[in-house]
Amino acid sequence: MPLKLLNNVFFQSIFLMSLLVVVGIFIPNWLVFVITKAIAYGLVGLGIITLMRGGLVSFGQGFVFGIGGYTAGLLGTQAGLTDAVLLLFISFIFTGFVGLIIAPLLARYRDIFFAMLSLAFSMVLYGILIKIDAIGGSDGFVLPESTYFGIKPSKEYADYILYVVSVIMTGIVSILLRYYYDSTPGLIALAVRENELRVEYLGSSAFNVTVLNFTIAAGLGGMGGALNGIALGHIDPEFTYWTTSGEFVFISILAGYLSVPAVFLAALLLELVRSFSGRYFPDTWQLILGVFLILSIIFIPSGIGSFFKQLFDKLKNK
Amino acid sequence: MSDKSNLLRAEGINKSFGAVIAAKDININIQKGERVSLIGSNGAGKTTFMNMVTGYLKPDTGNIFFKGENITPLNPRIITQKGISRSFQIPQIFEPMSAWENLLVALGTSKKNHSYFRNARSKENSDYIDEILSRFSLNEFAHRQVSELPGGVRKLLDIAMALVRKPDILLLDEPTSGVGAEEKYPLMDTIAKALSVENLTVIFVEHDMDIVQNYSERVIAFYQGEIIADGNCDNVLNDKNVQEFVTGKTQVKAK
């Protein structure tokens, strides 16, 4: 029975969410902040994983990350909407909608053409954002402090509350995504990765699968951008810059496309490496990141997720 | 003949690739439940015809009707959804997946199973896949990665995937090509047995005349894009033109 429960996605997620919420009480505030940022980046990485399952990699997820961040920021400063839960939700929906609009164009391309076209979108947005002074230009702008169901937490607990909200919302998204991955349409996405022609000859559309996956990836990227903006209390065009998009690709490669939790673990590793290298080895961040990427490609080509998969397969076969 | 009796009807099909004529005034009527083999030397137009029926190629002129509906402008996906499935000369299967998962993907493409929040590996789906696997004698290979499977098994899986949707017409492109001589008959026996369960129309391209004779009721012979004979096996295989241009058997001239 316990093994059966361990194989249940819903139970796994509830257990992990509860564990993270409890652990958050005992860890220092700086680590709570780092994990919240990792979750924000992990959400975007999760979007790329969704695309990778269909055989595509986006080099321009900074585009949706930025749209999500700016959506949350502008709703806060212009419309006075400060509820973090609502901001995350609206950013998810709005950015997903933007994704749905551009997805039919992107879905016509494959491989490097898809990757570069997505990068082009992010660079266009970056170029526009740095020129618009009304929203801070290259400096961006500060977001108002967040509230939660009408309550504004004290500064002491603000980070922890945002952390709990992000853990719960990400948990829900991850459960839904796991169900999608395990459904027949989710499985067809894996088939598209291998042989599009056969998928068409089985009566399914590779194009539709790609549009759906990009829309999901956009929604997740937007939610991640909003969370990152709220956590930092600031948003600027850097969100959409190509190096930011590169970090998301790094997370996806490190995680592999086999496991949802692996994406967040990879994002956390990235954030920790970033934090420690920034503190103890200033100006070496890119060098450390590069070495880390080389090592992970050589030693774990299928990503951290392959370890999780092996572990659960063993549990299943017991 | 009315459209009701003709499941598939090709009318005045012409197709050229530059100077090469791949189809010249092709007219074919296929009835429900028929087992038809298409014969002809390489480049005779058999596979081109198959590709036009499944929407991969469009004829230059002429139309193809399925159950009375003109399917000429439709793409392969829509044609498959309407009830025409095909297998390939080189099996088109999903290499990193197991045979079982390949069939699961094939099953998932049907609208009935297209649910985003229902686990693909439901008991209903599992039972159906197990049934298909046993019909094709593939049980022992169910959970092996398909890239490791021998050629004949891969052929069977390719055909099984096409059959999962329960099509009205199944087109098989050289089901025994690339298979050793001793494997051909057992393979065709397995295919024939598996397909006999359905009230299925089967059209297959084949080069082996013994297989054609044993497994089809009707034969259509192609030569340079034209149909040179169409009828029952004995008549077509004994046709003078077919013997000269297709089977390569020389006529014994009386002294």
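Visitor: Is Gly108(B) buried or exposed?

Guide: Count the C-beta atoms around the residue; 20 or more others within 10 Å make a residue buried. Gly108(B) has 23 other C-beta atoms within 10 Å, so it is buried. This is a predicted model, and every value here is computed from it. Gly108(B) belongs to helix H3 of chain B, residues 99–108. Arg121(B) lies 13 residues from Gly108(B) in sequence, and their C-alpha atoms are 9.9 Å apart in space.

Visitor: How does Ile102(A) count on that scale?

Guide: Between the two cut-offs, 20 or more for buried and 12 or fewer for exposed, a residue is partly exposed. Ile102(A) has 18 C-beta neighbours inside 10 Å and therefore counts as partly exposed. This residue is in helix H5 of chain A.

Visitor: Which residues other than glycine have a positive phi?

Guide: Two cases can be given, one from each chain. Phe149(A) has a phi near 55°, and Asp25(B) has one of about 45°. Phe149(A) sits in the loop between strand S1 (141–142) and H7 of chain A. With 8 other C-beta atoms within 10 Å, Phe149(A) is exposed. Asp25(B), by contrast, is in strand S2 of chain B, residues 20–31, and counts as partly exposed because it has 13 C-beta neighbours inside 10 Å.

Visitor: How many residues of H4(A) are buried, and which residue with a positive phi follows the helix?

Guide: Of the 17 residues in H4(A), 14 are buried, so the helix is mostly covered. Gly80(A) follows H4(A), with a positive phi near 70°.

Visitor: Which residues of H7(A) are buried, and which helices do they pack against?

Guide: The buried residues include Leu162(A), Tyr163(A), Val167(A), Met169(A), Val173(A), Leu177(A) and Tyr181(A). Ser166(A), Thr170(A) and Ser174(A) are buried in H7(A) too. The buried residues of H7(A) pack against H2 (9–26), H3 (29–53), H5 (84–106), H8, H10 (206–232) and H12 (260–280) of chain A.

Visitor: At what angle do the axes of H3(A) and H12(A) cross?

Guide: Read the angle between the axes, then the hand of the crossing, then the residues that meet. The axes of H3(A) and H12(A) cross at roughly 130° and come within 8 Å. The two helices are therefore oblique to each other. H3(A) passes H12(A) in a right-handed crossing. Among the residues of H3(A) in this contact are Ile35(A), Ala38(A), Gly42(A), Gly45(A) and Ile49(A); the H12(A) side includes Val263(A), Ala267(A), Leu270(A), Glu271(A) and Ser275(A). By class, the contact has 15 nonpolar, three polar and two charged residues.

Visitor: What is the crossing angle of H11(A) and H13(A)?

Guide: The axes of H11(A), residues 242–255, and H13(A), residues 285–299, cross at roughly 30° and come within 9 Å. That angle makes H11(A) roughly parallel to H13(A). Their crossing is left-handed. Phe250(A), Ile253(A) and Leu254(A) of H11(A) meet Leu289(A), Leu293(A), Ser296(A) and Ile297(A) of H13(A). This contact has six nonpolar residues, one polar and no charged ones.

Visitor: How many residues of chain A are in contact with chain B?

Guide: Count each side of the interface separately, then ask which elements contribute. Chain A has 19 residues in contact with 25 residues of chain B. On the chain A side, the elements that give two or more residues are H7 (155–182), H8 (184–194) and H9 (196–201). H8(A) gives the most, six residues. By class, the side of chain A that touches chain B has nine nonpolar, six polar and four charged residues.

Conventions:
Residues are numbered from 1 along each chain as its sequence is written. Chains are lettered from A and ligands numbered from 1 in the order in which they are written. This is a predicted model: local features need pLDDT of at least 70, side-chain atom pairs count only at pLDDT 80 or more; totals for chains, interfaces and linings use all residues. Two residues are in contact if their C-beta atoms, placed from the backbone, lie within 7 Å. Helices (H or I, at least four residues) and strands (E, at least two) are DSSP runs, numbered from the N terminus. Ala, Val, Leu, Ile, Met, Phe, Trp, Tyr, Cys and Pro count as nonpolar, Asp, Glu, Lys and Arg as charged, and the others, Gly among them, as polar. Axes are lines fitted to C-alpha atoms, for helices over the stretch in contact, and angles run from 0 to 180 degrees between N-to-C directions. Angles under 35 degrees count as roughly parallel, over 145 as roughly antiparallel, 65 to 115 as roughly perpendicular and the rest as oblique. A crossing is left-handed if the near helix is turned anticlockwise from the far one by less than a right angle, and right-handed if clockwise.
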